[in-house]
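Hi,

Here is the structure I promised to pass on.

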Amino acid sequence: MSLLPQVRRKMKDNPTIKLENISIKFILDKVKKKSFFALKNISLQLEEGKILGLIGKNGAGKSTLLKIIAGIYYPTEGKVNVRGRIAPLIELGSSFIPNLSGYDNIFFTGGLFGFSKKEIMEKVDKIIEFSGLDKFKNLPVKNYSTGMFARLSFSTMLFFDPDIVLIDEVFAVGDEDFQKKSMNKIFEFKEKGKTIVIASHNLSLIESFCDKVIVLDEGQKVFDGDSMKASSHYLDLFNREEKPIDQTGKRWGTREIEITGFKILDENGQSKRIFDKNDYLELKVEYRVKTQKDFVFGIAIKTKNGFLVAGPNKKIEIDKITSGKNSIGFIMPKMILNEGEYSIDMAFYDDDYVTAFDHITDVLTFIVRKSSLSNLGFIHLPCEWNLYD
């Protein structure tokens with residue numbers, strides 16, 4: 001199936017999106033007849049020139065909903081009516097042919113969009129310039145790095161004059177300069193009255209960019225309305241989320257030391273997942289000791305895209321703790337992380353950092369809200385300023 005079925009829907013009418021009671025069911029096990037609904041009874045209508053935001057926790061159904069609008073998925077139940085040429089910035093490069101060069105893939109994708117060779121010729125130089133891949137345009141895309149591949153695909157989609165733009169957390173593509181150019185291009189679409197649907201965890205972007213926002217939770221629409229109210233609703237859902245230890249990320253180790261529980265707390269010892277600048281944060285981890293060796297406990301704080309922000313470690317001498325149940329706390333007296341959503345890995349290793357006793361990824365997530373003063377990077381660096389005459 002082509003990942004660009006919007007060509008079939010291309011019409012001269014003004015673009016609009018209308019979904020009526022959409023549900024989509026995925027089969028997990030045909031033999032045991034196990035299935036689940038990724039989306040259930042979703043309805044929405046978006047008029048020409050409007051911008052819709054989609055927010056929700058991981059697995060809420062945001063990407064699935066975008067793929068239904070794009071025609072990549074077809075609903076199990078309900079009706080879909082989409083009018084206009086779509087640029088689905090979802091699965092970047094899904095229309096590319098690996099053995100073709102970047103240059104040729106632009107022509108191939110343009111053909112899927114219904115453009116003539118002459119029309120593509122008018123755009124190809126701009127696409128290559130925007131992507132910053134002029135030196136590599138004649139190289140087969142199978143030899144591109146992941147970043148190069150995504151940049152070319154992103155650039156190609158943006159320049160084929162879409163009526164509707166679907167965006168799924170793709171602003172992490174490329175370096176800072178490319179991200180800035182891409183964001184400017186999206187704002188240009190907004191000024192031109194394009195219809196845009198954007199799924200993101202960046203609440204500041206959602207609040208400033210969108211006319212209205214839908215909050216999804218476990219495949220269902222739980223809020224539809226004003227962007228500021230939607231953000232508050234999402235944060236409330238996020239703050240209440242508690243995952244059992246067996247529903248976290250990957251886990252491995254000898255279990256000579258075993259993690260048995262964890263919480264993120266405020267200064268009053270209350271569970272908390274949403275923080276502001278200078279807030280107190282404590283990560284409290286409970287563990288069981290079954291070894292007589294010294295060991296190290298460490299955490300990794302990562303951005304939503306997996307970039308390592310910090311990885312503090314603490315060496316612990318076995319004769320300073322009791323056997324059985326224990327706990328350790330990592331304390332950040334004042335929140336110094338900038339706005340964003342962060343996840344935490346945690347691990348116990350031997351004191352040579354070789355043998356993993358218990359290592360778990362993506363154990364917890366937390367959010368830092370935007371402060372009144374914007375700062376670049378991931379860390380709000382504690383510092384002082386002097387003004388001189």
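Helix H2 crosses H3 in a right-handed way (right-handed if the near helix is turned clockwise from the far one by less than a right angle, left-handed if anticlockwise). The contact (heavy atoms within 4.5 Å) involves Tyr103, Ile106, Phe107, Gly110 and Gly111 on H2, and Lys117, Ile120, Met121, Val124, Ile127 and Ile128 on H3. Eight of these contact residues are nonpolar, two polar and one charged; Ala, Val, Leu, Ile, Met, Phe, Trp, Tyr, Cys and Pro count as nonpolar, Asp, Glu, Lys and Arg as charged, and the others, Gly among them, as polar.

Keep in mind that this is a predicted model, where local features need pLDDT of at least 70, side-chain atom pairs count only at pLDDT 80 or more, and totals for chains, interfaces and linings use all residues. Residues are numbered from 1 along each chain as its sequence is written, and side-chain values use heavy atoms, with hydrogens and water left out.

Then there's an open sheet of three antiparallel strands, ordered E11-E13-E17 (strands are DSSP runs of E, at least two residues, and helices runs of H or I, at least four, numbered from the N terminus; two strands pair if DSSP finds at least two bridges between them). E11 (257-265) and E17 (324-332) are the edge strands with a single partner each, so one side of each has no neighbour in the sheet. E11 is joined to E13 (residues 281-289) by eight bridges, and isoleucine 264 sits opposite leucine 283 of E13.

Last one: leucine 89 is in strand E5 (residues 86-89). Its C-alpha is 8.5 Å from that of serine 153, 64 residues away in sequence.

Cheers
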